[in-house]
Each structure stands twice: as structure tokens, then as C-alpha cells.
Amino acid sequence: MSHTQTLCRFLADLNYEQLPEKVLARTEDLYLDWLASALASKGAHPIPLFERYAQKMGPHSGPAQVIVNGSTTSAYFAALVNAASSHLVEQDDLHNSSVLHPATVVFPAALAAAQDLGKSGRELLLASVAGYEAGIRIGEFMGRSHYRIFHTTATVGTLAAAVAVGKLLDFNQEQFINLLGSAGTQAAGLWEFLRDAADSKQLHTAKAAADGLLAAYLTADGLTGARNILEGDQGLAAGMSSDAEPRKLSADLGSRWALLETSFKFYASCRHTHPAADALLDLMQREGLCAADIATVETRVHQGAIDVLGRVTTPATVHQAKFSMGTVLGLIAVHGKAGLTEFHERALTDPAVSAFRDKVSMTLDAEVDGAYPQRWLGRVTVTSLDGRTLQGAIDEPKGDPGNTLSRVELADKFRRLTQFSGAHTPAQANALIEKVWHLRSAASMAHWL
């Protein structure tokens, strides 16, 4: 069998009883983190545009829920809006070696389909694990070259979302092969939007989740897709990668649970900024420095960080500021935090943050680049105003699997994010946290929210 066929056989055979307890618990953690990200975007541009589009084009009610406003619609439009909303505040999860944000595409599609199909919490968890395992491996297969031009969460995310819904529909191996073909031929999403502070990033995830669901429902009804969409001569890798490794599609299936490797976001910014932010904060605390003591900061980074962050020099919007290394480090140096409040109240208007931004540079570092994407190392060189040259280093940024967030920290993050947007009262937030911790016991996901 090809690597694609082996992956599809694994997905078809996967059942709930095979999932280790630590995988189930981690999936619940990731689900809570995803809900927090979605709820935090309530009322924030451009999410109302997606809400209005769904209201105009979709049914006025339906089986699936839109998280940010509580309305119901079809599974397709719920997946569309929920995926857009959960990728706005830059607090959703990331898997390092695939450079994929799985939650923002897998959970919207899986929840919408589970509500439409009357599936249980256990079935939702199983489907989500399938989406993560497939999406991560396909992202790793596509290689570093893919990410330089293409937003992996948009492209690979379409297939990850499709797999999750396909699992809820109990697809066999043959159906999964056709499903990947129909999802893969729709895969799209380019990084060029960063130069213009455009809103495309939310469109990327909205379409990935909705198109993945579309592919699955059509496959269930008999639509066929390309049988070798990943590895074929005119397939995804041929058109979108120069360093694809097919063996990564099928390596260690069932023994390596890639979902466990997913990182949570501590700062409300692009994950490429987090290692340097942690390294700078650690250095400043160690040396007793404040922002005014620092003359320059050289961040030593991997090429992926330069490819993404190098497009933003002077940010024009809050969202673009989250892709500015200088702005993120300015918030860390001046305020000690880079959360949602700091970005919305200080990133664009605080003169001290702007002044610090101009002190920050990025340099390609061989050690850091060699470790990437498996490990995201933080390395900074700080020159102080009194002439000292100081080094900062972090090997596992906060949120990485080896330095992860506990359930107490995840619950605190959930409360902060929902309080930020006014989506929930503290009592409502606490109640929803408890529901997530017992997700596997939910008899039905219908009206779960």
C-alpha cells in the first residue's frame, strides 16, 4: 500500500477504545482552549462579516450552533463562522513540526457535524483525534518549503477537518481515500495577506473547516476524489512543496499520538514570536533589566519566522501587530505581558512599545533553524545601554508539551478570554469549563453549548 492508503486504513480502523486516557484528556484540554479562542473574538472585526454572510446565505435556524452569537444554522455555516472566530485572537493551539493550528479547523467541523448527526461526546473526541493525527502527519509530509508560501492551517487544515467529519460518518478506507482527494483539491491559502494587514487569515480557516465538511458529506453521498491527491505527480505535494517526505504520512500510526505534541499559546501573538519573547523575559528578570536599560535586541530565529514575521515592519492593525516581532517584544519589555488586553490597548498606541519595537531585529541562526520545526528555540542577544552584551536562551517556550499549561492554567485562560470579549459571565464560564472536563460523558452534542 502507498503511505496515503496506510493512513486511510488507520483512520478507518481507529476506535474509541484504542485511545489512551492521556489522549482523551488532552483532547478535552484542546477543546476548551479552542472554545476560549472562539468566544474571545465575539464582536471583533471581521467576525461579524462571517456571521452576516451565514445569516444571509444559510438557513435561519438549524442543528448546529454558532459559538459567538448562540444562533443555529446548518452544519456548513456553523463550521464556517466558528472556524473564523477561533483563529482571530491568536490564542489557538499549534503543532510544532507540522506548523499547523489543528484546533481551529478540526473542532469547528467536528462539532458542527456532530450536532447535525446527533453524535455523542465520545464520538466527537474520536473524530477530533482522527483529524489531529491525519492533519499533523500531512503537515509534516508537506515540509518546510510549503509553509514559506502557503498557510498550512488553510491548506492542510482542509484535509484535517474533512477527516474529522469523515470519522463521524464512519468512513471506511476507500471513503477516506476519496475524501482526501476531494478535500485536497480544494486546499488553498497564501501568506501574502500579511503585507496588507488583510483579513484573509480568518477566511482561510473558515473555508478550511467548511470545505472539509463539504468534502465529507459529498463523499458520504458517493462523490469520488483523486486517489493519490497527496503523493501523486499532479497532487498536493507536487504543486505546493519541494521537500515532501511521504513516509511521514504513515510513520508510527497508533504508537505515536501526535496530538499530545500540540502546544498551547501563552501570548496572544503569532507562535513564531513566543520563543524570543520567553527568552527576553527570562533574561530581563535574571539581569534585573527594564525596557529603558536596553539599547538593542537581536532575536536569533529560524527561517520560518523571518518568512512570516519579516513581512510586518510597522503594524497598522492590532492583528498585524501580533505578527511583529518588535511589537511583541516591546509589550514584553515594557509591560511584562503580551495578552489580549495589552495588544488592544497598547500595541499600536503606547510610545514606549513603539520605541522598543525599533530596537528589535531578527537574524537567521543556524542552531535555531536546524532545530526547527521539531523544536522552536528562543535565542536573544541584548545590548544594554551601559555597554553589556547579554545572552538569553529558552529551549521550550511556555505552552510547549514539555512546558505545558495545566488544567488550572487552561481554565484561567478560558476565563480571561471570555471576560475580555464579554462572551460569558464568570459563572457561565465556570459551568462551561466543567462541561468540557466531562465531554466524554455527553450523550449528545446537540444544543451542547
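A: Two strands count as paired if DSSP finds at least two bridges between them. Keep that in mind, and remember that this is a predicted model.

Q: So which residue stands opposite R300 in β7?

A: Strands of a sheet pair through backbone hydrogen bonds, either parallel or antiparallel. Here, R300 faces R379 of β7.

Q: In what sense do β5 and β6 pair, parallel or antiparallel?

A: Parallel: five bridges link β5 to β6 (residues 360–364).

Q: What is the order of the strands in the open sheet?

A: Reading across, you get β6-β5-β7-β8, an open sheet of four strands with mixed pairing. At the edges are β6 and β8 (389–394), each pairing on one side only. From one strand to the next, the twist averages 25 degrees.

Q: And which strands does helix α11 touch as it packs on the sheet?

A: Helix α11 (residues 274–287) touches β5, β7 and β8, and its direction makes about 125 degrees with that of β8.

Q: Which residues does UniProt list for the "MmgE/PrpD C-terminal" domain?

A: The UniProt record, an unreviewed entry, gives residues 267–438. That stretch of the chain is 48% helix and 15% strand, with its end C-alpha atoms 27 Å apart.

Q: Moving to helices, at what angle do α2 and α6 pack?

A: Start with the general idea: an α-helix has 3.6 residues a turn, so residues three or four places apart point the same way. Now the case here: α2 (residues 21–40) and α6 (residues 121–149) pack at about 85 degrees, their axes 10 Å apart. Angles of 65 to 115 degrees count as roughly perpendicular, so α2 is roughly perpendicular to α6. The contact involves V23, L24, T27, E28, L30 and Y31 from α2, and L124, L125, S128, V129 and Y132 from α6.

Q: How many of the residues of α5 are buried?

A: "Buried" means under 20% relative accessible area. In α5, 13 of the 15 residues qualify, so the helix is largely enclosed by the rest of the structure.

Q: What should the 15 residues of α5 span at 1.5 Å a residue?

A: For α5 (residues 103–117) you'd expect 21 Å, and the end C-alpha atoms are 20 Å apart, which agrees. Just past the helix, look at G118: its phi is positive, about 70 degrees.

Technical notes
Residues are numbered from 1 along each chain as its sequence is written. This is a predicted model: local features need pLDDT of at least 70, side-chain atom pairs count only at pLDDT 80 or more; totals for chains, interfaces and linings use all residues. Side-chain values use heavy atoms; hydrogens and water are left out. Helices (H or I, at least four residues) and strands (E, at least two) are DSSP runs, numbered from the N terminus. The expected span of a helix is 1.5 Å times one less than its number of residues. Buried means under 20% relative accessible area, exposed over 50%, partly exposed in between (1.4 Å probe, protein chains only). UniProt positions are given in the numbering used here, feature names are shortened, and annotations may be inferred rather than shown by experiment. Axes are lines fitted to C-alpha atoms, for helices over the stretch in contact, and angles run from 0 to 180 degrees between N-to-C directions. Contact means heavy atoms within 4.5 Å. Angles under 35 degrees count as roughly parallel, over 145 as roughly antiparallel, 65 to 115 as roughly perpendicular and the rest as oblique.
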